[in-house]
Structures are given as C-alpha cells and as structure tokens.
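Please look over the sequence and the structure below before reading on. The report then moves through the structure part by part.

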Amino acid sequence: MLSNPTSDPIENQLREEALYKPYQSLNAYLKKKYGEKIYKIALDGGFTCPNRDGTCGTRGCIFCSAGGSGEFATAIRQNSSIDAQITQALARFGDKQTGQRFIAYFQAYTGTYAAPERLYALYHMALSHPKIVGISIATRPDCLPTSVLDVIKRCQTEFPDKFIWIELGLQSIHEKTALYIRRGYPLSCFEEALAALQAMSVPVIVHVILGLPGETQADMLATIDYLSHKNIFGIKLQLLHVLRGTDLAAEYERGFFSCLSKEAYIDLLCSCIDHLNPAIILHRVTGDGPKDLLIAPTWSLQKRNVLNSLHKALKAGGHYQGRDYIERKGIHDTGSVDTL
Ligand code: SF4
C-alpha cells in the first residue's frame with residue numbers, strides 16, 4: 001500500500017517498487033522511459049564464439065552450456081529468421097496485457113561474431129520491427145573490431161529513435177579467475193572495447209558471475225568497485241550455475257568447489273548493491289539457468305522466493321544501492337587490479 005498515492009499510475013508503480021527495491025532496476029527504468037512494462041525477447045542469430053570455434057579454444061568457457069548461454073533463444077531458434085523468431089516470441093505472450101513494445105536480445109553465443117554485412121542484416125531486421133524499441137547484443141570485448149563498430153554506428157544513424165545496447169561478459173576482473181574459466185581475453189581488452197563503445201555513446205551492460213570457484217567476497221566486491229567507476233549503463237549480477245555437460249559440472253562433481261547457499265548469496269548481493277554506483281541500472285540480480293540442465297544450486301529455481309528474500313534482507317539491513325559506494329576518480333582506472 002502506498003501512503004500517498006498520486007494520480008500518475010507509473011509514478012505510483014515506481015514508488016511501490018522502490019519500497020521493496022532500494023536499487024535501480026531495469027523494469028523501473030524502462031517503465032519510467034516508456035510508460036509501460038517492456039519485455040525482452042531472446043533471439044539466436046546463429047552465431048558461434050571464439051572460445052568454441054578454435055580461435056581461442058574449443059571447449060568454451062568452463063560454465064557455458066552447449067546452447068552458448070542462450071537456451072531460451074535456442075529453444076525458439078529452429079533455424080528461423082530473426083523476423084520469424086520475433087513473431088514466434090510475441091505469440092507466446094498471447095493476449096496477456098503486457099504492453100506493446102519489446103527489446104530484441106541477441107543472447108546466444110557471441111552476438112557480434114559474424115561478417116559485418118550479416119550482422120547489419122540481422123540487427124536491421126530486428127530494429128525495423130514496429131514493436132521493437134531497441135536491441136541488446138551479448139558479446140565479448142575481443143569481438144568488436146572497427147568493422148563491427150561501423151555496423152553499430154550505421155544502425156544508430158538509421159534508427160535514431162531506437163537504442164542499441166552492448167552486453168559484455170566480463171564475469172570477474174581477476175586474472176586467476178579469468179584463466180580458470182577460460183574467458184580468453186585480458187582485462188585490458190575489456191577496457192579498450194568499453195572505451196570504444198562509450199566514444200560512440202553505446203550504453204554498455206556488464207555481466208558478472210557471483211560465486212566463481214576461488215573467489216572470496218572481497219574479490220567479488222573488488223569487481224563491483226571497479227565497474228562502479230567505469231561509467232557503465234548497467235550490470236547483470238548472476239549467481240554461478242552448474243549446468244549439465246559443462247566442464248564446471250565435472251569440477252563440481254569431483255568436489256573441487258561448492259555453490260553458494262541461498263543465505264550466502266543474498267548476503268553477498270546486499271553488499272554488492274551497497275557498493276554499486278547508484279547511477280548504474282541493475283539488469284539482473286539472480287540467474288535464469290535452464291531448469292533441465294541445472295545441477296546446482298537448485299534453490300535458485302525458486303526465483304520469486306529468492307527475490308522476495310533479497311528484498312526482505314535489503315529492507316531489514318537498511319541496504320540501498322550506493323550506500324558503500326565511494327567516488328574515487330582515477331583509483332580504479334589502472335594498476336589496482338591484476339591483468340592477464
Ligand atoms: S560464455 Fe560466451 S564466450 Fe564463453 S563459451 Fe559461452 S558463448 Fe562462448
């Protein structure tokens with residue numbers, strides 16, 4: 001219940017959310033910008049990635065399943081065109097009162113890993129759809145050569161009323177972790193890509209995995225502190241999932257590491273939110289692991305329950321985004337983190 005409801009339903013909704021979410025959620029951001037809930041449609045552009053095609057390796061990142069972190073997209077792929085995938089995805093919303101606009105999310109594998117003319121055709125098709133307000137492309141910083149940046153620039157010019165976001169899978173700033181997960185590029189590569197995208201005014205969302213083997217709470221908070229000083233648009237905090245068929249699953253089964261308990265994860269999330277620059281939009285605070293592939297932690301399948309527990313813990317502990325954020329210009333720009 002709102003104590004002082006206004007006549008503006010969006011404002012009321014945002015205020016109601018703020019009571020439970022003392023952080024900047026993507027939902028709230030989109031509602032404020034578009035006046036309605038905007039859903040993401042996961043697409044598969046038929047890409048592969050350098051960690052799988054032999055360029056950097058063939059076994060992929062240690063945690064990544066055969067679907068290239070895009071199982072929801074892969075499920076509707078069936079070799080169909082982007083246009084057909086959008087139509088198919090919209091049909092799944094049926095008659096639900098969900099609003100009329102969507103974000104096309106190139107989720108599976110590396111969304112910029114193809115010839116520039118093919119990328120242009122894919123992005124152009126998605127951006128041309130009248131119900132699509134923008135596209136979000138998941139990729140790697142080492143897959144953004146000038147030719148790809150030129151495609152993005154061209155799309156920016158041709159669709160000035162729509163947005164193009166880039167999502168970078170950094171996962172951690174630490175060298176030992178990057179080597180262990182077989183990420184395949186150094187932190188300096190991320191910094192260069194980020195600078196190039198920011199020079200083009202492309203909003204960047206960074207993916208971080210919490211609970212990676214060998215990382216302490218201090219390690220994870222160092223990643224959050226570092227990103228808090230990089231002027232990024234958004235961040236996705238994702239709980240480490242152990243998925244069937246991955247090398248991480250073999251490590252887990254031989255007892256090399258254990259997954260975070262729900263309590264430990266909620267506690268960690270509260271600290272991450274405290275440390276996070278209040279200007280950054282939180283695009284995700286859990287994970288969306290495919291149910292049929294998930295080995296651990298199974299408690300994460302109760303997403304609603306996890307979110308409710310988080311919101312209760314935030315409230316009880318007086319946490320809010322930026323509570324422990326300290327503006328330290330320059331300190332996080334270089335040297336304070338290790339590099340590959
Ligand atoms: S996480 Fe991304 S870069 Fe790593 S193997 Fe999967 S698709 Fe490739």
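How many residues does helix 6 have, and how far does helix 6 reach from its first C-alpha to its last?

## Helix 6

In this predicted model, helix 6 (residues 146-158) has 13 residues, and the reach from its first C-alpha to its last is 18 Å, which is close to the 18 Å expected at 1.5 Å a residue.

Within helix 6, the residues V148, V151 and I152 are buried. They lie on the same side of helix 6, because the arc that they cover around the axis is only 95 degrees. The face turned away from this buried side carries the exposed residues T146, S147 and T157, while the cover over the buried residues of helix 6 includes helix 5 and strand 4 (163-171).

## The chain as a whole

The chain has 12 helices and 9 strands, and of its 340 residues, 41% are buried. When contacts in the chain between residues at least 6 apart in sequence are considered, 84% of them join residues at least 24 apart.

## The sheet and its helices

Seen strand by strand, an open sheet of 7 strands has the order 1-2-3-4-5-6-8, and the pairing is parallel. Strand 1 (39-43) and strand 8 (281-284) stand at the edges with a single partner strand each, so one side of each is left without a neighbour in the sheet. On average, and with direction ignored, neighbouring strands of this sheet are turned by 25 degrees against each other.

Helix 4 (residues 82-93) packs on the sheet, where it touches strand 1, strand 2 (102-106) and strand 3, and its direction makes about 135 degrees with that of strand 1. Helix 5 (residues 116-128) also packs on the sheet and touches strand 1, strand 2 and strand 3, but here the angle given is with the direction of strand 3, at about 150 degrees.

Elsewhere in the structure, strand 5 (residues 204-210) and strand 6 (residues 234-239) run parallel and are joined by 6 bridges, and I209 stands opposite Q238 in strand 6.

## A closer look at T139

T139 belongs to strand 3 (residues 132-139). Is T139 buried or exposed? T139 counts as buried because it has 21 C-beta neighbours inside 10 Å, where 20 or more are required.

Apart from neighbours within four places in sequence, T139 is in contact with T110, G111, T112, L144, I166, E167 and L168. The C-alpha atoms of T139 and Q107 are separated by 8.3 Å, although these residues are 32 residues apart along the chain.

Note on methods:
Residues numbered from 1 in each chain as written. Predicted model: local features only at pLDDT ≥ 70, side-chain atom pairs only at ≥ 80, totals over all residues. Helix = DSSP H or I, 4+ residues; strand = E, 2+ residues; numbered from the N terminus. Buried ≥ 20, exposed ≤ 12 C-beta atoms within 10 Å, placed from the backbone. Contact = placed C-beta atoms within 7 Å. Pairing = 2+ DSSP bridges. Axes fitted to C-alpha atoms, helices over the stretch in contact; angles between N-to-C directions. Expected span 1.5 Å × (residues − 1). Arc of directions from axis to C-beta.
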